[in-house]
Amino acid sequence: MDFESEKQKARDLIAKSEHIALVLDRYPTMDCLAAAEVIARMLSGQDKSVGFLPNVALDAPQPPQEFSHILNPQSLTHEFVIGVDTINSPVAQLRYEKHPDKIEIILSPKSAPIRENALSFGQGKVQCDCLVAIGVPDIESLSVAQLGVEPQFFTETPIINIGNAAEHKPYGEVNLLLPEETALSETAYELMKAIQAGSLDPESATIVLAGIISKTDNFRSPVRVGTHLAAADLLQIGADQPRAAAMAQGERPMTLLQLVARAAVRSKETKGGGVLWSFLTAEDFEKTGRGRADVPAVLEALPRFFSLHPMHVLLWQDPARRTVQAILHASPALLASIANREPGEMRNHPALALDATFANFQDAEDRLTALLAETA
């Protein structure tokens, strides 16, 4: 797919849309949140009605205070339905009259008078002309029931699909899909340049730069030339690089940082440095007052303490059941190969949370060592 033509299609679709929804991956990265924030800002600035579909997990990273649209998400508006019991109160004619301060809906009775108890009021379909999906590899993986939309919502609503995962499907009317090393916030920036005239404001530029820094581990991972050019543009606009770097770290509570530190202390690497192992005990959760929902955030934060490894395994002990579980961070291709042998839930980062539980850390390490050998 030609990226430039897809951007043009996105611009045309947004131009004719009044009500626009945003949906994110259930476990969004800081890069994903940054992309959503700047897109929501842009759309709101164009007098669009912008709302978020409520599917983000509670263990998503806490956004910085500048992420006003993420921290205070607006819900989508719904149609308002007025029902009439036409069995007991037949209606001969329906019309409406517009006045400067109100609209009157006028029902002409057919035979018997229409009384108040013949009327009912309710919420209708969600108003949405366009859906922007950010970092959602497969739209069919989302539950319409949890999102509060009709079953046919995804098939009836035009979708602008923004992604960078290897397994990301081209399910949208518009597919802005770039290589894995491309930040979602960089793609959002490219979309914004195509849609709005003039430059970003410095705060929005800082947010985009924060997403890029988070995705590239502060430019330590492989980075495209286009990403360096985008970062230079953002700095020229007025992006605050120190603040962007602080945003990329995430606004984590002290107790969560303490939990990360405990996992960092209990880390080791295999001979040759192919796998980094980290461990969290039930006592670590109890001492810090944190819970199992913090495990993905710990896995995402740990690479900042160590050099890059092809595989990072975090083994953690459930504070209630005392059983051990595993979550792995690696390339999408390697995680997919592991998932074929050991079922689990794929998450953005990318990470794989295995379904299996183990009696203790040694059992978990032995089983996963054998599993990684099988997929090497």
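In which sense do strand 12 and strand 13 pair, and over how many bridges? Let's find out with a short tour of this predicted model.

Stop 1: Select residues 324-329, which make up strand 13, together with strand 12 at residues 311-317. The two strands pair in the antiparallel sense, over six bridges. Strand 12 and strand 13 form a hairpin, with six residues between them. While you are in the turn, click on R322: its phi is positive, at about 70°.

**Stop 2: strand 12 by itself.** Show the side chains of strand 12. In a regular strand, side chains alternate between the two faces of the sheet. M311, V313, L315 and Q317 point one way, while H312, L314 and W316 point the other way.

**Stop 3: two crossing helices.** Finally, select helix 13 (residues 332-341) and helix 14 (residues 361-375). Their axes come within 10 Å and cross at roughly 115°, and the crossing is right-handed. To see the contact, show L334, S337, I338 and R341 of helix 13 alongside L371, L372, E374 and T375 of helix 14. These contact residues divide into four nonpolar, two polar and two charged.

Note on methods: Residues numbered from 1 in each chain as written. Predicted model: local features only at pLDDT ≥ 70, side-chain atom pairs only at ≥ 80, totals over all residues. Heavy atoms only, no water. Axes fitted to C-alpha atoms, helices over the stretch in contact; angles between N-to-C directions. Helix = DSSP H or I, 4+ residues; strand = E, 2+ residues; numbered from the N terminus. Left-handed = near helix turned anticlockwise from the far one by under 90°. Contact = heavy atoms within 4.5 Å. Nonpolar A, V, L, I, M, F, W, Y, C, P; charged D, E, K, R; others polar. Buried < 20%, exposed > 50% of the residue type's maximum accessible area, 1.4 Å probe, protein only. Pairing = 2+ DSSP bridges.
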